[in-house]
Amino acid sequence: MDKVLGIDVGATGIKGAIVDITEGDFVSERIKYPTPKPASIENVLDVIGKIIRDHKWEGKPFGVGFPSVIKGGICHTASNIDDSWIGFNLLQALRQRYTQNVVLINDADAAGYAELEYGSLVDKQGIVILLTLGTGIGSAVFHNGILMPNTEFGHLKYKKSVAEKYASNKAREDKDLSWKEWGKELDAVIDHIDFVFNPDLFILGGGISKKYHKYSEFLTLRHKIVPAKLLNKAGIVGAALAMHKELMEKGILHNV
Ligand code: BGC
């Protein structure tokens, strides 16, 4: 059985679990720490270290999903995390501290990988767009199963700001919106993305995907929308899967 540790860094929590890559499921307890305040580089790296030690995973391969545009290991944006991350080479820091066998990808891209691999999607052909609805809105775009990384649909200009300020789950909670009010905001955002990208399918992820039945009726395009299957496990599972893919590509098959 191939096992990899997946870590999902979010605005409110940093979570990790050991993932069985064959099944796409956890084979350890999921450990969660609150995201430190401030979510500075040192503080977040320390929590990642704690999760590695908690799982007795020192020196072993792991993957990290992070809420930022990631290019060449460098964080390029920081919408819901501390600004000090912008320009920081997180991949290099993780390699220096923990192991060379680590990958770093955007958190929504990680969730997308997991949904495509283990979700209920039979047909991966065409364009599939996953949106994660949490503190922000993350996006992952796939064409025939291949990821186009680092899209940021949560930051499309919308009303007086950007889409995630109106249609994320945090926006719903902060503004105390009814399912109908919030559903209509989300509908407008999805409609716009649909018009520009013409995907064949939308997958709605994040913890709120389990309440899909409460807002699906307000989504005009519901005939081509499905709720995510892995719910909030997707970020962890996808980060581990990304690391596993890299090990396979390098020809390092890891069995523990
Ligand atoms: C960030 C994205 C991230 C998303 C979900 C957005 O605010 O810009 O990079 O994927 O939140 O965490």
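Trainee: Which residues are around the ligand?
Mentor: Around the ligand are Pro-67, Ser-68, Ser-79, Asn-80, Asn-106, Asp-107, Ala-108, Ile-137, Gly-138, Glu-152, His-155 and Glu-164, each with a heavy atom within 4 Å of the ligand. This is a predicted model, in which local features need pLDDT of at least 70, side-chain atom pairs count only at pLDDT 80 or more, and totals for chains, interfaces and linings use all residues. Residues are numbered from 1 along each chain as its sequence is written, and side-chain values use heavy atoms, with hydrogens and water left out.

Trainee: How far from a ligand oxygen is the polar side-chain atom of Asp-107?
Mentor: For Asp-107 the distance to an oxygen atom of the ligand is 2.5 Å. A polar side-chain atom of Glu-152 lies 2.6 Å from a ligand oxygen atom, and one of Glu-164 lies 2.8 Å from a ligand oxygen atom.

Trainee: And how much of the ligand does the protein bury?
Mentor: The protein buries 93% of the 310 Å² that the ligand exposes when taken alone (Shrake-Rupley method, 1.4 Å probe).

Trainee: How do the shell residues divide by type?
Mentor: The shell has three nonpolar, six polar and three charged residues; Asp, Glu, Lys and Arg count as charged, Ala, Val, Leu, Ile, Met, Phe, Trp, Tyr, Cys and Pro as nonpolar, and the others, Gly among them, as polar.

Trainee: Changing topic, which residues does the cis peptide bond join?
Mentor: The cis bond joins Lys-37 and Pro-38, with omega about 0°. Most peptide bonds are trans.

Trainee: What is phi of Lys-56 near?
Mentor: Phi of Lys-56 is near 50°, a positive value in a residue other than glycine.

Methods:
Polar contact = N/O pair within 3.5 Å; in protein donor to acceptor, adjacent residues only side chain to side chain.
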